[in-house]
Amino acid sequence: MRITAAVLETAGGPFALRDVDLGDPRPDEVLVRLSGTGICGTDLEFATFFPTPAVLGHEGSGVVERVGAQVTSVAPGDRVAMSFTSCGSCVTCRTGSPAYCHRFDAVNFSGRRPDGSSALSLDGAEINGHFLGQSSFATHAVVPERAVVPIGDGIDLPLAGPFGCGFQTGAGGVFNVLRPEAGSSIAVFGAGAVGVAAIIAAAVSGCGIVAAVDVNAAKLEAARSYGATHAVDSTASDSAAALREIAPHGFDYVIDTTGRQDVLRTAVEALGPLGRCGVIGVGPSPEMSFDWRSVLNGRTITGIIAGSSVPQVFLPKLLDLHAAGRFPVDRMMTAFPFEKINEAVAAVRAGEVAKAVLTF
Ligand SMILES: [Zn+2]
Ligand SMILES: [Zn+2]
């Protein structure tokens, strides 16, 4: 079928709205008509080097239009959010940890299905897509059943997509991995969309101290409104000293959403004995280094992908919290019509919006 997609024609370049052909869903795939898609930092990162032409986007939501013959979990007309995909047959998939699928990169970031084909073609030639199972910067997407999550009526459909990536990543790091006990202390480094999701999850978990650390005063102000009990502006203060003042014996938990070497080091050093650091951010620093003493006291550093979640299990829980008013992330979303994707990307890059959502 003919669809409209925002095609990245050259790495680093703008997105161009083009008429693209989308193949039929295979037996284990689902055709989704998009109603919204978030723009995530991962899209912007991959847009700088991904082989082109390509269709990115991976925080989509919409309505199922058709399903392949083997699909059982959704039917035409169902409202769905989309998330990452996984192979389903490796040992970590079979033991319930699809976020750590042995073939995660191949099925999410190769631009193709595992057999090398693409559902998307432009002017008769296949182009890269299947980005994180989705390629949601398009009016329609062909998605593996494993990447589709049926959702209820408790949320405006266009706003549901970011739950499948950014919000799941931040909240899952807290709920699924660190599991802070009531009254414990946590510091969240980076108060963007992922960090705010972690902050809300920490507040919902009953943490006594929730410290937000960022370079942006406006984001820190917003973080307080989502449940941060303390805000540390790392441009204005020695953040290590400020954190020691907040938690003199060190934090029980820290989360890094920035992927920056200097920030991660500060985060690990802010822990108390037996403290746990969750590493969520994929950022500019290829290596991380620590003084060995900073991990000797029983401290743990854990990498976390996609909130360690099983999307079909975790997303409905997050959406229930949202419907109950306890996960109010819709406040940070700014809607742009799909046609304005380049303006939306510019607003994200400039830090003018916390979470841009394209609507169809
Ligand atoms: Zn993402
Ligand atoms: Zn797998």
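The points below are grouped by topic. The model is predicted. An assignment divides the protein into domain 1 (2-164 + 328-359) and domain 2 (170-305).

**Domains**

- The centres of domain 1 and domain 2, taken over C-alpha atoms, are separated by 29 Å.
- To the contact between them, domain 1 contributes 9 residues and domain 2 contributes 8 residues.

**Nonpolar cores**

- The largest nonpolar core has 46 residues, of which Ile151, Phe163, Phe167, Ile186, Ile199, Phe327 and Val329 touch the most other members.
- At least two residues of this core come from each of helix 4 (166-178), strand 10 (185-189), helix 5 (193-204), strand 11 (209-214), helix 6 (217-225), strand 13 (251-256) and helix 10 (311-323).
- Helix 5 gives the most to this core, namely 8 residues.
- Domain 1 and domain 2 each supply at least three residues of this core.
- Apart from this core lies another, of 42 residues, including Ala5, Val7, Leu120 and Phe336.
- Not counting residues up to four places away in sequence, isoleucine 186 touches Val174, Leu178, Ala202, Cys207, Ile209, Val210, Ala211, Phe251, Tyr253 and Val254.

**Helix 8**

- Val263, Leu264, Ala267 and Val268 are buried in helix 8 (residues 261-269).
- Viewed down the axis of helix 8, the buried residues fall within an arc of 135°, so they line one face of the helix.
- The elements covering the buried residues of helix 8 include strand 10, strand 13, strand 14 (271-279), helix 9 (293-296) and strand 15 (300-303).

**Aromatic and charge-ring contacts**

- Across the whole structure, a search finds 14 aromatic pairs.
- The ring centres of phenylalanine 15 and phenylalanine 137 are 5.6 Å apart and the ring planes stand at 85°; because planes over 60 degrees apart count as edge-to-face, the pair is edge-to-face.
- Phenylalanine 15 belongs to strand 2 (residues 15-22), whereas phenylalanine 137 is in the loop between strand 7 (125-126) and strand 8 (140-144), so the pair ties together parts that are 122 residues apart in sequence.
- Phenylalanine 15 and phenylalanine 137 are both buried.
- A cluster of Phe46, Phe49, Phe50, Phe84, Phe104, Phe109 and Phe131 is linked by ring pairs.
- Arginine 331 lies over the face of tyrosine 226, at 4.2 Å from the ring centre.

How values were computed. Residues numbered from 1 in each chain as written. Chains lettered and ligands numbered in written order. Predicted model: local features only at pLDDT ≥ 70, side-chain atom pairs only at ≥ 80, totals over all residues. Heavy atoms only, no water. Phe/Tyr/Trp six-rings, centres within 6.5 Å; stacked < 30°, edge-to-face > 60°. Helix = DSSP H or I, 4+ residues; strand = E, 2+ residues; numbered from the N terminus. Buried < 20%, exposed > 50% of the residue type's maximum accessible area, 1.4 Å probe, protein only. Lys NZ or Arg CZ within 6 Å of the ring centre and 35° of its normal. Core = buried A, V, L, I, M, F, W, Y, C linked by side-chain atoms within 4.5 Å. Domains from an automatic or database assignment. Contact = heavy atoms within 4.5 Å. Arc of directions from axis to C-beta.
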